[in-house]
Amino acid sequence: MSSFKEFKIKWGMAIDLDKCTGCGACMVACQAENNIAPQPDASNKLKSLNWLVVYELTNGKPFPEHEVAYLPRPCMQCGKPSCVSVCPVIATEKNEEGGIVSQIYPRCIGCRYCMASCPYHARYFNWFDPIWPEGMDKTLTPDVSVRPRGVVEKCSFCHHRFMQAKDKARVEGRDPNALNDGDYITSCTEACPNGAIVFGDVNNPAHKVHELVKSKYAFRLLERLGTDPQVYYVSRREWVRRLGDNYLENEKVKG
Amino acid sequence: MDKNYDLPIDAALFPEGCTRCSLSKFLVWIAAVMAVFGWGLYAAFRVLSEGLGVTGLDDYFGFGLWITFDLAVIALGAGAFFTGLLRYILNIDPLKNIINLTVIVGFLCYSGAMLVLVLDIGQPLRAWFGYWHANVHSMLTEVIFCITCYCLVLIIEYVPLILEQKQLNRNKLVHAIAHNFHLMMPLFAGIGAFLSTFHQGSLGGMYGVLFARPYIARDGFFIWPWTFFLYVLSAVGSGPVFTVLVCTIMEKMSGKRLVTWEIKSLMGKIAGTMLTVYMVFKLADTWAWANDILPRSGLTFDQLFYGWIYGKWLLWAELFACGVLPAIILITPSLRNNRTLFYTAAILDCIGVTINRYVMTVQALAAPVMPFDSWETYAPNWAEWGASAMIMAYAALILSLSYRYLPVFPQEVKLNK
Amino acid sequence: MALDRRGFLKFIGGATAGILATPVVWKSLDDVSIWSQNWSWIPRNIDGANSYVPTVSKLCPSGVGVRVRLVDGRPVRVLTNNDHPLGGGLSSIAAAEVQLLYSPSRMKRPLKRTADGAYVGITWEEAETMLVEGLKKAKGGDKLAVVSGDETGTINELFTALAAEMGSKSCFLMPGEAQPAAKAWELMGGEGQVGYDIEKSDYVLAIGANVLETWGPVIRNRHAFRVGRPHGEAPAVRFAYAGPVQNNTASTADVWLAIRPGTEAVLALGLANLLIKAGAASPAADFAEFRALAARFTPEQVAAQTGVDAKRLAAVAQELAKAKRPLVIAGSEFGQGGGAAPVLAGLALNSLLGSMNREGGIRALPYARKVVPAAMDRKALLQNDLVAWLGKVASGKAAAPQAVVFYEANPVYALPQADAVKATLAMACDLVLPVPMGLERFDDVDTPYGCGQVVYALAVPALAPLVDARPAGDVVIGIAKKLGADLGVAAFADALKAKAEARGASFTEPSATNAHVSGAVLPVNGIALRPDVLSKAIDVKAPAFPVALAPVAKLNVGTSMTATPPFNTKTVRRWEIQGKELYVMMNGATAAKLGLRKHDRIELSNPAGKFTVRVNVFEGVMNDTVAVPAGHGHTAFDEFSKGKGENVMRLLAAGAEPGTGLSVWTSAGVNIAKA
């Protein structure tokens, strides 16, 4: 395995699972923003392409003690991504300031090894060519190229918005490497009416997310496997935090 | 020259001193093979023209039957490099009687695997990016390098056999080339052994490095996870007997004896020895996995199995019924020389390594890692079976032609007098 | 020069080596990466200059305020508008609104039904002539009926004015929460429209009302939730939810009180009893009678009737009593058919909590004055009960109309007992006229029901209609003229302008929202709690079925008018729809009692209808209750929704609420049999 870079800027999320109602607005906003084709039948969830998926969590207790929570799962943009080192053709990298794991579609050969490596199922394969209903392709945004069949894709933290925010800062004579909190946010962050997602530079004390990830209620998915995700979750509910990682029976939950 | 009209029409092309069935009978067999091949070709066409969505693969099972098939045939094709190594480098001379077959089987396994891989990757036109934009950190890059290079080596090893075809060999130049190739064979056997060892290992390494997938993640030595070594051992522990099984099937089909029992038994002994070594390490590895890697990941042994489809029976079958048992049979001379036991052990051995490749490919992906994720199941569909059958048909075709027209078995004439 | 074999081979060899030495081969090989990315059949994105149009969604029932992003005039995204009083995020339908402009099921031109039942395209001129002819026949004496699916628009004034000119008062809104609330508020003697000031409340108890998913101005509600609940901190605002299903609202609420479907009013009375016992009182003149009524609803009684856990009920009562600015919101868990009783009881609770006419409590919001003289105002329109009227028509108690105009309404799908509705109206319209979609037209949203403030939001077209559609308002004005009636406005735009002025808004300056907020509230004096009405109204007979039916409403599957937007199929949960089959939810105990397991195929049936579904075991459902996702089972529209799942409305039959006469359909039950 190769070693991984450290970055001065680390874009990350703090997603409050006590605020997510599972409405799905983020999933729709993600598709529209990133030119993901609609699917007439998306009931096979193992073949539905959506960079952001909302999982349903249950405390496992019977009625009436039952509780439910929803967990939006973008790409974790791992600090030590299991997918990057396995790609045989360097179609996915983590080497840009900000720590976003890239996916280079024209380079990808579609071997799906990265998908096998990712325990979060954040990576998706284009099983067919994307098809928009007639005329609907006019609503494609100019920011994200459309992927043909046969390549893997995943959440990019709306990387184009990062580029746009940096461009804007440059035009305004500000330092593009010191964006203000909120200058760059993802489409899902913006869409969520409940404000469940807070997005920003985890390393920057001026960004709200910097404090949030230090909360005693903050956790990351499968932390003990060593992927070092840049996406954090927050929940005051212990059972929710316990579902963030695999725990042996007598192990205590983090936080 | 007088013609013997009792001989098949194409008798002039047969290896010196060998008899073959009539051409019409042969063509009926070939037609059956081609029917299967055609079905697979149709599947391949659908996959290439419409996309991999026509298969039973999905975002959870990015790897399925095809990868299992590739890994299994590459392991079973290991008879080629290992026998070559023993024959040419370690000078175990009797193996010359089966070396041709191991080369052909090896070539078929590797070229077949490469054909399947072309279907299996989403962008076949970019297949060569593995060289062009190689990521030296990826085990898969190593696999791509070694498999393609080794396939070339196997072609080089196969070519002299073709050139030794009776009619071709009459040409002086061809004869000279074939002869010179033979002289270089130890060199290629050496290169082949090196390449093959590495990619057998890399295939295992591919899985072992997936540190976020506790079912297959393994610690290891330097950059190589234990699966690297286990894959090499399991391949050499099964490849030789697979060649013997292929040989025996050919004997059954042709009604002739092609290789002496001594050679088969020797191959069984070689495989059995390697299988025994493998099983020692595999058992140790399984123990360490269950008692170290899993608890470290917060998981228990039981959590990595699911229902009947991914049940523990697969593990027990792989380890004991298809591992320890054939190993004992194959290394014990008295058991090995009982033909029923020998063939049973050979078949179990091959099944064992196939189960291993299957569970490490499919069950590894089926096992949820996120606690709120669910076990999913995978079943290949017609397109995957079809394409796999196409490769089998391709192998049957090449083997049939090779047997009919090439001097594959040096002992055939003597054994069938 | 003769070319021998050797020379030819040399030439070929040389040429090959020569070409390989040039970059041609290598470059084109490398270019594979580019052209294998850009096949002709892969849509290309087109660059251009960005522009943004602030507007309000007429598509989403929440009336969410949004910004439309256009690239060279092409709309590409619906974006959040944080400055908008109804904005602050997106609903899952509004987020897909741009793409819906190109929905495969979109009507592209006026259609006429032919004798064999097929629809053929006609011109607008032909269509208008047909319409005028049809309307002429329906002149005088309630022979014309109008059904509107728009609860908040000024467009209703034009339709109702046209109807009035034709001598008809049969104007209806599709059923929603606003009608029962208006009825309840009227019974209590309140003026204007009931408003719920969620933004300033510190304890919100939603009874039935799915306040974080479908009830009222949802995005505004959810924005308030967002503000009141900072990440990882103890919430500044507590939310409690009472309903039969642990729905989206319940999932994030601090407390979920599980109750049987249709028992919202009883639960509220139980809480009233506990509050009164703890010393709460209301200034209402009939408080003594109310106290007597509430006293009947002891915790044991309430637990027996609603199935609620008495301890949890008491805890919620205590929390309400302790809260500084508590607010109770009662409604139907699927946004319709709840009757006036829950709202009456809920408002009574607010009165007991001192939340009437208070910040963070109940507000009486003035209705806007009419801008079309002959029109019905909103208050009058809300008094008409479509379902009751249809029942009367079906039973011959009311005259069948000669003509019915449906505006953005899909009654055959969306009304209870959909099958019967179809028969009553001999449904299948003779004429179908396409109107511009919400993003293509001027329109307005005036203070949606539930909003705590007067909000007037203008919908501004982001683009010209993509199909041969005409704005409904202008068509109505033109038709009226042809029928010899003057509605008093020359164009729909004038009506909007007048309405904005009536709300004190002017949109002369460019605005980031095109919305106006007013602090105007009406005094709340002399409110009565109406225990007399309540005592009758809560006496709805319990369903005589083994299993109660709880429809679950979610916005992601769209509305009856849009069906499921193309993007949204992915947001439908796995065990909600599989292929074409609908899954219904029940808890493990109920399933065990019925001998059912997950994935079992069952038939749900009652006198209203029946259909086959599969079982999903979900523990967040009340005992002996089956939760059925609403919004599926469309028989029309496109491949994204047609024929998928079943329409729960087919299992609902309306009854009359004793005491108010309102149509109610929240207390349904079903038989369950293995299919």
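How many residues does the contact take from chain C and from chain A? In this predicted model, local features need pLDDT of at least 70 and side-chain atom pairs count only at pLDDT 80 or more, whereas totals for chains, interfaces and linings use all residues. Residues are numbered from 1 along each chain as its sequence is written, and chains are lettered from A, with ligands numbered from 1, in the order in which they are written.

The contact comprises 69 residues from chain C and 65 residues from chain A, two residues being in contact if their C-beta atoms, placed from the backbone, lie within 7 Å. On the side of chain C that touches chain A, at least two residues each are supplied by α3 (32–35), β3 (74–80), α4 (97–100), α8 (218–228), α9 (248–252), β20 (577–578) and α22 (588–593) of chain C. Helices (H or I, at least four residues) and strands (E, at least two) are DSSP runs, numbered from the N terminus. β3(C) gives the most to this side, with 6 residues. By class, the side of chain C that touches chain A has 28 nonpolar, 28 polar and 13 charged residues; Ala, Val, Leu, Ile, Met, Phe, Trp, Tyr, Cys and Pro count as nonpolar, Asp, Glu, Lys and Arg as charged, and the others, Gly among them, as polar.

α8(C) is mostly covered, with 8 of its 11 residues buried. A residue is termed buried if 20 or more other C-beta atoms lie within 10 Å of its own, exposed if 12 or fewer, and partly exposed in between, with C-beta atoms placed from the backbone. Among the buried residues of α8(C) are R220(C), R222(C) and F225(C), and the cover over the buried residues of α8(C) includes β10 (238–243) of chain C.

Within chain C, the C-alpha centres of domain 3 and domain 4 lie 26 Å apart, the domain bounds coming from an automatic or database domain assignment. Contacts link 25 residues of domain 3 of chain C with 25 residues of domain 4 of chain C. α7 (178–187) and α14 (340–352) of chain C are the elements that give two or more residues to the domain 3 side.

Two non-glycine residues show positive phi: R530(C), at about 55°, and F637(C), near 70°. R530(C), in the loop between β18 (515–518) and α21 (531–537) of chain C, is buried, with 27 other C-beta atoms within 10 Å. F637(C), in the loop between β24 (625–629) and β25 (655–656) of chain C, is buried, with 21 such atoms within 10 Å.
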